[in-house]
Structure formats: structure tokens, C-alpha cells
Amino acid sequence: MKYVDEFRDPVKAQGVLADITQLAEKLTQNRTGPIKIMEVCGGHTHAIFKFGLEHLLPPTIELVHGPGCPVCIMPKGRLDDAIAIAQQPSVIFTTFGDAMRVPGSTLNLLQAKAEGADIRMVYSPLDALAMAKANPDKEVVFFAIGFETTAPSTALTVLQARDQGVMNFSLFSNHVLVVPALEALLDNPDLQLDGFVGPGHVSTVIGTDPYHVITAHYGKPVVVSGFEPLDILQSVWMVLRQLAEGRCEVENQYTRLVNDQGNAVAMRAMAEVFEVRPTFAWRGLGDIPSSGLQMRSALAAWDAEEKFALPGRQVADHRACACGDILKGVKKPWDCKVFGTACTPESPLGACMVSSEGACAAYYKYGRLATERRPMSRV
């Protein structure tokens with residue numbers, strides 16, 4: 001398949017792996033632990049396990065899974081708020097399918113639907129807007145989740161609703177920002193990282209410039225990466241090369257889709273609809289300042305948080321669930337006592353097992369139910 005097979009060429013992969021192994025040996029001669037590189041995006045995590053990349057890398061390199069799963073980072077309290085909106089008798093609540101089975105404090109959206117709430121899965125916020133037009137006697141709410149990747153399509157939908165005078169459409173905004181999350185991780189003394197494989201999808205919108213704070217303030221290399229096997233391997237090699245050469249820069253491996261300045265049209269739409277929240281609660285990471293997006297007051301008529309009274313509670317995760325520590329990168333899924341036993345995709349205790357980008361879902365789907373004796377660190 002043209003433009004896919006080229007990025008899955010095993011011969012080229014072996015060549016990159018040879019260079020990676022050589023650089024890793026050089027870098028670990030005078031250190032006792034592995035080189036720790038975080039892949040920020042859950043899409044990268046799934047690609048790594050789907051194509052067996054972690055097994056191909058030398059044991060002196062440890063890939064750490066980051067908080068780049070927008071469904072996983074949603075705290076239970078915000079899920080409870082979503083369910084409270086959905087249970088209103090006049091509401092059609094619309095959401096991406098990924099969010100349907102994420103546990104709230106007592107229910108998930110799928111269970112609320114089974115109890116009678118009108119909850120519908122959509123592929124796009126435009127689907128929700130079309131429902132609002134077709135059901136003028138109902139309030140149609142779109143559950144807006146995701147990083148900067150999905151925020152532009154949400155913003156453009158709100159602007160279309162405003163321009164067309166569709167007043168029975170509103171947005172429950174839970175969009176979040178990637179760079180403040182990386183800063184929160186780097187401020188955590190329990191997590192020691194050597195570099196980042198940066199999120200390609202987010203970067204198609206925001207470009208590479210926002211990551212310079214990570215290199216300048218924290219001294220960690222960032223390489224924005226695509227999602228095919230050779231993309232990820234080349235990105236790991238680029239991080240190692242920076243470390244070997246004593247450099248700390250933002251580099252762009254995903255040049256076929258990402259530029260430095262990002263997508264100006266998308267960012268203008270986001271800026272017109274959203275403003276940065278003073279703080280937003282992340283599962284596992286707690287409250288992170290300036291890390292979420294809320295709707296501007298000029299668009300309050302399309303803001304579900306203005307239209308509906310929300311519980312607004314803070315709810316702790318299940319005691320046995322290690323999802324928070326997995327999102328922080330300080331644990332792997334198999335470090336969780338209930339992973340693959342009490343917590344499975346059929347009966348999840350935590351969000352990381354539900355989402356198509358969750359680390360636990362990746363480990364479970366691709367058979368990584370145990371460490372398989374690959375050590376997390378070398379001593």
C-alpha cells in the first residue's frame with residue numbers, strides 16, 4: 001500500500017535499530033539505569049505494542065507511557081457532570097464512543113443510557129449539530145473531549161451553530177492542552193525522563209514551537225513523531241542522537257504533516273471560541289494550572305456549563321486502580337494489582353483499560369499481561 005508500506009519496511013527498520021543500539025550502548029556506558037523516553041500520545045503507545053517495537057529496542061532503552069489519552073485523563077467528577085446533563089429529560093447527549101464506558105463514581109454513560117438517558121454516539125460534533133436542527137424541542141449537548149487535536153473541529157461547530165442561530169445546541173467542554181501536562185510531569189520528582197517522543201496529531205494543529213519551553217526550561221529533547229513503526233523508531237534515534245551530541249532541541253520527524261507554526265486556521269477558531277481555564281483537574285495528575293479550555297463568555301448561550309447545574313464533585317479513583325500512576329509514567333499496567341484480572345475491557349475499573357488510546361488497553365489487547373521478564377531498569 002503506497003505511503004504505508006514505506007513506513008513499515010523491515011529492512012529499513014533493522015538499519016535504524018542498529019543505529020539505536022549503537023547510540024544506546026554509548027550513552028549507557030557510565031550510567032546504571034536505562035534511557036527513559038516518554039511517548040506522550042496514546043496512539044504511539046498502541047503502535048509500539050501493535051508492531052512489537054518495545055521488544056525490538058535494546059533493554060537499555062525504556063519507553064514510558066504518557067498522559068496523551070484524552071479519555072483516560074478525565075476525572076470521575078467530570079464524568080459525573082456529563083451523566084448529570086445526560087439524565088435531564090429534555091436532553092440528547094452526544095459523545096464519541098470512547099467515552100461511553102469510562103467509569104464515573106456510580107455509572108458510566110452506557111449504563112446511564114440503559115437506564116433511559118438519551119445518549120447517542122457520534123463521529124463528529126457536526127453530527128450533534130445536525131441532531132439539534134432535527135430536534136428543535138430538545139437540548140442537544142456535545143461532550144467535547146480531546147487535546148488540541150479535536151478542539152478546532154469543536155470550535156468550528158460552535159461557530160456554525162452561532163451563525164445559523166441553532167440555540168438548542170451546546171458544548172460540555174473538556175478539552176485539554178498538552179504542554180502544561182508535560183510541565184506538570186517534569187515537575188514531579190518521582191519521574192525522571194531523558195526525552196520525549198512528541199504527539200504528532202496535536203502538533204498538526206499547534207506546530208512545534210510550543211514545545212520549546214520543555215527544551216529551554218527543563219532541558220529535555222523533544223522529537224515530534226508520526227505513528228508508523230519507522231516514524232517511531234526514527235524519533236527514538238533522533239532523541240538518542242541529541243543526547244549523544246549534548247544537544248537539547250525540538251525536532252520534527254513528522255515533517256510530512258507538521259510545521260513549526262501549526263495550522264493557523266484551526267488555532268484562530270480555537271481562540272475565537274475558547275479561553276484557557278485557570279485550572280483543570282486531570283486523573284492522576286491533579287489540578288494543573290492553565291491546562292484546559294472553557295468557552296468564552298460571548299458564547300455562553302452554547303455553553304452547557306452555563307445552561308445546566310452540574311454537581312461539580314471531586315471523586316477519587318477506585319482504590320485498586322493504578323490508572324493515575326500509569327498516566328504519570330511512574331507505573332506500567334502490569335504494576336497494577338487488578339490489571340487483566342478484576343480490570344479487563346469487559347469490566348473496567350479504570351479509564352486506561354477503556355479507551356482505544358489507553359495504555360492498559362494496549363497491553364491487554366496485544367498480550368502484555370506480564371513483564372515477560374523484560375526489566376524496567378538496568379542496575
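**Close-up views of cavities, pockets and a helix pair**

**View 1. The second largest cavity has a volume of about 70 Å³.** The model is predicted, so that local features need pLDDT of at least 70 and side-chain atom pairs count only at pLDDT 80 or more, while totals for chains, interfaces and linings use all residues. Residues are numbered from 1 along each chain as its sequence is written, and side-chain values use heavy atoms, with hydrogens and water left out. A cavity is a set of points, on a 1 Å grid over the protein atoms alone, where a 1.4 Å probe fits but cannot get out, and lining residues have an atom within 4 Å of a point; a volume is the space filled by probe spheres set on the points, which are joined across faces, edges and corners. The search of the whole structure finds 3 cavities of 30 Å³ or more. Lining the second largest cavity are Cys321, Ala322, Cys323, Ile326, Cys336, Val338, Phe339, Cys343, Gly350, Cys352, Met353 and Cys360. These residues divide into 11 nonpolar, 1 polar and no charged, where Ala, Val, Leu, Ile, Met, Phe, Trp, Tyr, Cys and Pro count as nonpolar, Asp, Glu, Lys and Arg as charged, and the others, Gly among them, as polar.

**View 2. The largest pocket holds about 410 Å³ of space.** Among the 22 residues that line this pocket, Pro75, Arg78, Ala281, Asp287 and Gln314 are the closest to its centre. A pocket is an open set of points with protein on both sides within 12 Å along at least five of seven lines. At least two lining residues come from each of helix H4 (76–86), strand E11 (279–282) and strand E12 (286–289), helices (H or I, at least four residues) and strands (E, at least two) being DSSP runs numbered from the N terminus. The lining of the largest pocket divides into 7 nonpolar, 7 polar and 8 charged residues.

**View 3. The second largest pocket holds about 350 Å³ of space.** Of its 21 lining residues, the closest to the centre are Pro70, Gly146, Thr149, Thr150 and Glu357. Strand E1 (35–41), strand E5 (139–146) and helix H9 (200–206) are the elements that give two or more residues to this lining, which has 12 nonpolar, 7 polar and 2 charged residues.

**View 4. The crossing of helices H7 and H12 is left-handed**, meaning that the near helix is turned anticlockwise from the far one by less than a right angle. The contact (heavy atoms within 4.5 Å) involves residues of H7 including Ala151, Leu156 and Arg162, and residues of H12 including Ala266, Met270 and Glu272.
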